[in-house]
Structure formats: structure tokens, C-alpha cells
There are 2 protein chains.
Amino acid sequence: MKKIFIADDHPIFRKGLIEIISAEPGFEVVGECGDGITALKYIAEKKPDIALLDIQMPKMNGFDVLKKINELNLPTKVVFLTMHSEEDIFEKAMELGAKAYLLKESVTDDIVQCINNVLQGKFYVSGSISNYLFTLNNKLKTGNEKSGLQKLTSTETKILKLIAEKKSSREIADILYISVRTVENHRNNICTKLDLHGANALLPFALENKHLLV
Amino acid sequence: MKKIFIADDHPIFRKGLIEIISAEPGFEVVGECGDGITALKYIAEKKPDIALLDIQMPKMNGFDVLKKINELNLPTKVVFLTMHSEEDIFEKAMELGAKAYLLKESVTDDIVQCINNVLQGKFYVSGSISNYLFTLNNKLKTGNEKSGLQKLTSTETKILKLIAEKKSSREIADILYISVRTVENHRNNICTKLDLHGANALLPFALENKHLLV
DNA sequence: TGCACCCTAAGTATTCCTACTCATAACAAT
DNA sequence: ATTGTTATGAGTAGGAATACTTAGGGTGCA
């Protein structure tokens, strides 16, 4: 009997998941919770075979839970279950060593199949992002380019985060105790690295990607 | 036995909902689907007592389903079940005559209680937006102010939509065959009506609220 | 030591947007 | 017929961001 733990901040969604997994012979849902810290605590203690984690959770997000799991060398395999079909989030999940990446729009069969794959040591990825996987493979084969955000330095990331908080260059300068000109230079470098052009490009990008900024 | 229909594009979430409602004596889930058109078709034919509708759905969103239900004078009472806790969406739902507004983060008890209330002809609103209800009540009592977006004229809305598409004033002018100055005037009026100030205010607002723009 | 990279800063020019005021024509409401 | 609203456009001013270039100081690496 394989032990499965579920963490998601939507009780109804959790209920549905539990229902699906419990119905499958060989699977047992050994626990559930709605936030990252409780999830980590449970996983560290009880060491389930698989943890189904939402990425967006209160207190501690799924990424950070996985990081901790890695640090503590826990045997639990992590399956991300998320609404985000964006490439960067998927990429980050893979970097951190997730065993699977499921979209919440998945049908019930996908989930069972996913868990079976992961238990066999395989990876599993939701069909909807397979398009992206194709391009990713191409990238890996051809030139191994880094994707956007990873090209940014730490200062640039810091500034991009402040931009995502709708701060002006002036405000950012005051917060970081540096010159406005320096901030403008960083903005410029960020735009260049991300291939962003025009006055209406950087701010929307920052807003759309703020959840990716470490 | 009260007949309940469920429409939500997330199969797992639907599963959870069905589980919760079926477990309650007196409730019967008579159907489910994952898009608005199928939902409307079912509701028009079978006339369930209550329809639990997601707002974001493929093919036809929850708002439009409710509009059609109103047009066709169907007896089915609509409960919105959504992730959006924003005031404007809530307001729009109420305008259209929704009987309840539940957030997807609701716990299972809330849902049962909600359905019971609606069956008794009462309204029900998720606790998390009760804060807003308070201010809404105050508004209704004091001056009956319109909220934000409703104050915009149709041209202003059109322009705000284009701003949300990251178009510059120059581009908007070219699209609408009007002068840049006119566009800038409209931007200005929008900012005034929405009480937005500074260079980093209008664009983020447009992005955050584009789903509200008719 | 030298090279590469980063953070810092400033110069210059251009574009974009905000924040006002003013004006005219179209249209609806009373 | 007057008033109000809307859409259109322009004038002026200034703030903000982009798009370049140049340059000193620091760190780390080969």
C-alpha cells in the first residue's frame, strides 16, 4: 500500500483528489492539509511515498517545501499540482527535482496514471504542456539556452521584484539607497536580457512573473 | 429531493463538489459538465433547482450562462463558485441576480449551508468577502456611489481594454483612427474616475481588471 | 596579473505618459 | 431651448522610462 499525502489550500479540490486516489487499489491517502508548513512537517515525520503539492499555498509555497525536502534528504517524491501552465514555473519545478507536473484541469485518469508512473521512478507531465516540452528538448539539444529570468543577476532580480510591486525607479532608488540612474541602468539591462522593448513591456512582464522571482 | 447541477472546468474540483453534496441527505447531483454551453443546455432542459456555476469556463462563462437563464425565465437558482474575491466580480454577479457567491477556498460546510440558504430563498455570500459587503452596505446607505469601472463610458472602456493588451497610446490611436491626444485625454479621464495616480498605475490596473471589461 | 563580470553612476536623446486647461460638435434629456 | 454628457482635438508642462554610451571600483577566476 503506497502512502500518499495531499497539500492544497482548496478544501473542495482536496476532497476530490482524496476521492480519486482512495478509489484506486494500492493507494492510500495518509494525510492532507492546506498549507506548506503543515505539509512539510507531516512529510518529514511520516515520510509518505508521494506528496501531491499545490504550488500556491499559504505560509510556505510548494517550491519551498520541495527545497526543504531536498535539503533534508527525505525519500518522498513530489508531484506538483497547479493551475500554472507557464513555462517558467514548469522549468523551475523541474530544476528543483519534482517528479511530476500536473495541471489542475487534469482529468481523474491522469492523476492515477501520474502516480503510477512516479512510483515506477518515471516522470510525468500534463499533456497540456507537452508543446513546451518539445521546444525545451530542442533547446537542450541545440544550444542549452538559459530561459529569461535565469539570466538576471541578483540585483536585477531584486529590482524586478520591486518593479512588480509597482514601484517607480525613483522609489526603488530610495529603497536600495542607490542612484536613480543606476536603477535605470538595471532596468535597461533587464530589458535587454529579456528582449523587452517599449514603455509598456517591463512592468507587465514583472507583474506576470513575480511569482517566479526568488 | 432537490436537484443540483454542477458546472466547473476542473474535473477534480467537480468530483470534490459532487462528493460533498451527494453526502448530504435531500440533495441530489443530477448532472455535471465542464463548460458553459453544455451547462446552459442542461439547465434549460432539465431545470434543476440549483446550478453551481464556475465563472471562468470554456465556451461560455458563468456570467453569460446566468444572463441566458434570466432571458429564458428558467426557475433554476444560480450559485457562483469562483476563485475571484474581487469586489467588481462580486458586484457583477449580484447585478445579474445570482443567489449566492461562494469562493472556491470555502470549506465543505459552507457549501451545504449555502445551498440550504438558497433553497429557502435566502442569499449566501462567502465569509471572506463580508468585509466588502460591509462597505457596500455603507455605500448604499450613504451616497450610492458607483464602483470604479461602472463609471467609465463605453469609449473609455474600449481604451482601457486596449491598454490591458499592452498597447501604447500611439497604437491605440492608430487602431481607433483617432488622435493620440484624444487617447491621452481618455486615459486621463479614466485615471481621474478611478483615482489612479502616477506612471505605474493605469497599466497594472488594466491588467488586473481586464477580465471585468465587457 | 589580466580578464570577465557586476554594481555603481552619469551623459544625452527620445519617447511615453501624466496633469492640467480649453474648445467644438454631436446627442440626449428635461 | 437649455443643460449635460460624451467624443473629439490641441496647448503646455513636467515626470518617467527607454535606448544608447562611457567609466570607475570591486570580486573572482585562470
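Reply: Here's a walk through the protein–protein interface, and then the DNA side.

Some ground rules: this is a predicted model, with local features needing pLDDT of at least 70 and side-chain atom pairs counting only at pLDDT 80 or more, while totals for chains, interfaces and linings use all residues. Residues are numbered from 1 along each chain as its sequence is written, chains are lettered from A and ligands numbered from 1 in the order in which they are written, and side-chain values use heavy atoms, with hydrogens and water left out.

Let's start with how the two copies relate. Chain A superposes on chain B by a rotation of 180° with 0.2 Å of shift along its axis, RMSD 0.5 Å (least squares on C-alpha atoms of residues with pLDDT of at least 70 in both). The two copies are thus related as by a two-fold rotation axis. Within chain A, the residue that comes closest to that axis is Gly16(A), with its C-alpha at 1.7 Å. The same surface serves both copies, in that 100% of the contact residues of chain A recur in chain B.

Now the interface itself. Contact (heavy atoms within 4.5 Å) involves 24 residues of chain A and 24 residues of chain B. The size of an interface is often given as the accessible area lost when the parts come together. Here chains A and B bury about 2200 Å² between them, 73% of it on carbon and sulfur atoms; that's accessible area with a 1.4 Å probe, lost on putting the two parts together and summed over both. On the chain A side, the residues that lose the most area to chain B are Ile12(A), Lys166(A) and Asn200(A), together 29% of what that side buries.

Lys166(A) turns up again in the charge pairing: Glu208(B) forms a salt bridge with Lys166(A), with the closest N and O atoms 2.7 Å apart. A salt bridge here is a side-chain nitrogen of Lys or Arg within 4 Å of a carboxyl oxygen of Asp or Glu, and the count between chain A and chain B is two. There are also four residue pairs in polar contact across this interface, both partners at pLDDT 80 or more. Polar contact is a pair of N or O atoms within 3.5 Å; within protein, one must be able to donate a hydrogen and the other to accept it, and residues adjacent in sequence count only if both atoms are side-chain atoms.

Which elements of chain A build this side? Those giving two or more residues are α1 (11-22), α5 (108-119) and α10 (202-209) of chain A, and α1(A) supplies the largest share, eight residues. Helices are DSSP runs of H or I with at least four residues, strands are runs of E with at least two, numbered from the N terminus. By class, the chain A side divides into 11 nonpolar, six polar and seven charged residues; Ala, Val, Leu, Ile, Met, Phe, Trp, Tyr, Cys and Pro count as nonpolar, Asp, Glu, Lys and Arg as charged, and the others, Gly among them, as polar.

On to the DNA. DNA strand D is surrounded by 22 residues, the closest being Arg187(A), Thr153(B), Thr155(B), Ser179(B) and Asn185(B) (near means a heavy atom within 4 Å). For the atoms of DNA strand D within 4 Å of the protein, 57% are sugar or phosphate and the rest belong to bases. The surface near DNA strand D divides into five nonpolar, 14 polar and three charged residues.

DNA strand C also has 22 residues around it, the closest being Thr153(A), Thr155(A), Ser179(A), Asn185(A) and Arg187(B). A side-chain N or O atom of Arg187(B) is 2.8 Å from a phosphate oxygen of DNA strand C, and a polar side-chain atom of Asn188(B) lies 2.9 Å from a base nitrogen. Gly198(B) brings a backbone N or O atom to 3.2 Å from a phosphate oxygen of DNA strand C. Chain A provides α7 (154-164) and α9, and chain B provides α9, each supplying at least two residues of the surface near DNA strand C.
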